[in-house]
Amino acid sequence: MENSLHCAVLNVSEAALDPAAALDFVSDGRFGGLNMFVGKVRSQNHGREVVGISYDIYQALALNVFRQLAAEVQTEFGPQLKLYVAHACGRLKVGDIAVVVAAGTPHRDEAFRACRALIEAVKHRAPIWKQEHFIDGDSAWSEGCSLCGHEHDDPAKPPAPTALSPNRHVHG
């Protein structure tokens, strides 16, 4: 899986995440399906105005977890798959890119599902901690991820679980 996987943690003071690099990595002449998720810092959360986010990441462990999660996705969707996952570390402003996940596969359905499975697993299981900074000068560590229901558009209808859905999460 080594040539079919790219994992990175980038300190935002040194480099920005590049979605074009993700698409380039997962592109392959055998693939008709490419899918990408780009997560950006939003200006509102739980009714409060956000001015930025700080991500703390235990890089060595995060990279190991990214590789483990990618292996699980490959087991679920097959060996003919390329995956890319990169997460920002440090202080980000509203609009900055926090995470990029991409999947390339022979067909679109697998690309959509593999990309979704990988980002959801990263959100739940990677050793990443998020602190939100608010316009009033206050800050707070995130209490959970979007799949836990509190940020979903329809709390009465949570997203369907996947084979990679864990029972816990560490960041939002």
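The protein chain has 3 helices and 8 strands, where helices (H or I, at least four residues) and strands (E, at least two) are DSSP runs numbered from the N terminus. Their order from the N terminus is β-α-β-β-β-α-β-β-α-β-β.

This is a predicted model, so local features need pLDDT of at least 70 and side-chain atom pairs count only at pLDDT 80 or more, while totals for chains, interfaces and linings use all residues. Residues are numbered from 1 along each chain as its sequence is written, and side-chain values use heavy atoms, with hydrogens and water left out.

Of the 172 residues, 44% count as buried, meaning under 20% relative accessible area with a 1.4 Å probe, protein chains only. Contact means heavy atoms within 4.5 Å. Among contacts with a separation of 6 or more, 77% join residues 24 or more positions apart.

Now helix α2, residues 59–77. Its 19 residues should span 27 Å at 1.5 Å a residue, and the end C-alpha atoms are 26 Å apart, which agrees; the expected span is 1.5 Å times one less than the number of residues. Buried residues in α2 include Ala 62, Leu 63, Phe 66, Leu 69, Ala 70, Val 73 and Phe 77. An α-helix has 3.6 residues a turn, so residues three or four places apart point the same way. The buried residues of α2 pack against β1 (5–11), β4 (48–57), β5 (82–93), α3 (108–125) and β7 (128–134). After α2 comes Gly 78, with a positive phi near 105°.

Last, cysteines. Cys 89 is buried at 17% relative accessible area, and Cys 115 is buried at 2%. The count is 0 disulfides, a disulfide being a pair of cysteine sulfur atoms within 2.5 Å.

Technical notes
Buried means under 20% relative accessible area, exposed over 50%, partly exposed in between (1.4 Å probe, protein chains only).
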